[in-house]
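Here is a friendly walk through a ligand site and a charged pair. Have a look at the model first.

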Amino acid sequence: MSKPNLTRADVTPRELWMNRRQIIAALGAGSIAGGLGLPAWAEAHLEPHSWEDITGYNNFYEFGLGKGDPAENAPAMKTEPWSVRIDGMVDNPGNYLLDDLIGDIPTEERIYRFRCVEAWSMVVPWNGFELNKLLTRVGVRPEAKYVAFETAVIPEVMPGVRASILDWPYREGLRLDEAMHPLTIMATGIYGRPIPNQNGAPMRLVVPWKYGFKSIKSIVRIELTDKQPLNTWQQSNPDEYGFYANVNPEVDHPRWSQASERVIGAGLFGGRVDTLPFNGYGDEVASLYEGMDLAENF
Ligand SMILES: Nc1nc2c(c(=O)[nH]1)N[C@H]1C(S)=C(S)[C@@H](COP(=O)(O)O)O[C@H]1N2
Ligand SMILES: [Mo]
């Protein structure tokens, strides 16, 4: 991964660097994040991390526990063709080829801070589309209250699956209003390139105000349901990981503080910063949790 004495410009191809400058200029004009606007602190930290950091330091336990394991092992996964099963409380259930499901939905760039429950963070320039577009397309029935997701299970190329580290498939879930929120995206690219396998190709969820484990990778099933889904990390350790998993500096993990985070990368952008409620997206999402005790619903 990145070497301490290099700047971003040194480790990133010039065309990407130039794009980043343009992105920042665009941010000033308020054209990112669908016009939602971003808090001032976010602009200051919105310099995206390098391609090397984003694609070389990963959590994807199907491919191993080490941060470098996904980059090493995930390229062996075949992502074309890819099918996604849509089922439960939807008007148009079925097994869809990914291209048929999302092929003509336009993608846009979203530069989001990404905060892992392990207390590290990065800034990632995703390419993707709002999940609500996909859900609207398949037709959510009125009785649906939650969305449940599952990752592919391909033991031949997934050493972590063969080693039974967790109960596979990896599962995640959102309340329907969280899933429909304009900040919630399906990502299919990073830096304008197809999303690498280690980051969750060909399509992964990104929910920027929640801990990273909610952002499930390499999705093969989306189910609309009226029951709160049991997500993999809650299932494996309910005292440490909940369903909501909203970034919250005031609720510590039982084994470490969540008050601050280590920004991945050396030099200019490395270091520790305070963690913000909802990862800095509180203006947009805090109202979703009005009246809820977020220490209890961690
Ligand atoms: N299927 C699957 N999705 C997953 C994970 C995983 O192990 N398996 N790890 C989660 C965790 S803990 C984090 S922090 C993010 C990491 O995403 P990144 O590697 O793109 O930074 O993916 C999440 N999605
Ligand atoms: Mo994570």
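The notes below turn to the ligand site and then to the salt bridges.

This is a predicted model, in which local features need pLDDT of at least 70, side-chain atom pairs count only at pLDDT 80 or more, and totals for chains, interfaces and linings use all residues. Side-chain values use heavy atoms, with hydrogens and water left out.

Ligand 1 is surrounded by 17 residues, where near means that a heavy atom of the residue lies within 4 Å. Asn58, Tyr61, Glu62, Thr151 and Lys217 are the closest. By class, this shell holds eight nonpolar, six polar and three charged residues; Asp, Glu, Lys and Arg count as charged, Ala, Val, Leu, Ile, Met, Phe, Trp, Tyr, Cys and Pro as nonpolar, and the others, Gly among them, as polar.

The table gives polar contacts to the ligand (pairs of N or O atoms within 3.5 Å).

| Residue | Protein atom | Ligand 1 atom | Distance |
|---|---|---|---|
| Glu62 | polar side-chain atom | nitrogen | 2.8 Å |
| Ser215 | backbone N or O atom | nitrogen | 2.9 Å |
| Lys217 | polar side-chain atom | oxygen | 2.6 Å |

Taken alone, ligand 1 exposes 530 Å², and the protein buries 97% of that (Shrake-Rupley areas with a 1.4 Å probe).

Now to the salt bridges. Side chains of opposite charge can pair when their charged atoms come close. The count here is 17 salt bridges, each a side-chain nitrogen of Lys or Arg within 4 Å of a carboxyl oxygen of Asp or Glu. One of them joins Lys67 and Glu118 at 2.7 Å, N to O. This pair links distant parts of the chain, 51 residues apart: Lys67 lies in the loop between helix H4 (51-56) and helix H5 (69-73), and Glu118 in the loop between strand E3 (108-115) and strand E4 (120-130). Helices (at least four residues) and strands (at least two) are DSSP runs, numbered from the N terminus.

Technical notes. Residues are numbered from 1 along each chain as its sequence is written. Chains are lettered from A and ligands numbered from 1 in the order in which they are written. A polar contact is a pair of N or O atoms within 3.5 Å; within protein, one must be able to donate a hydrogen and the other to accept it, and residues adjacent in sequence count only if both atoms are side-chain atoms.
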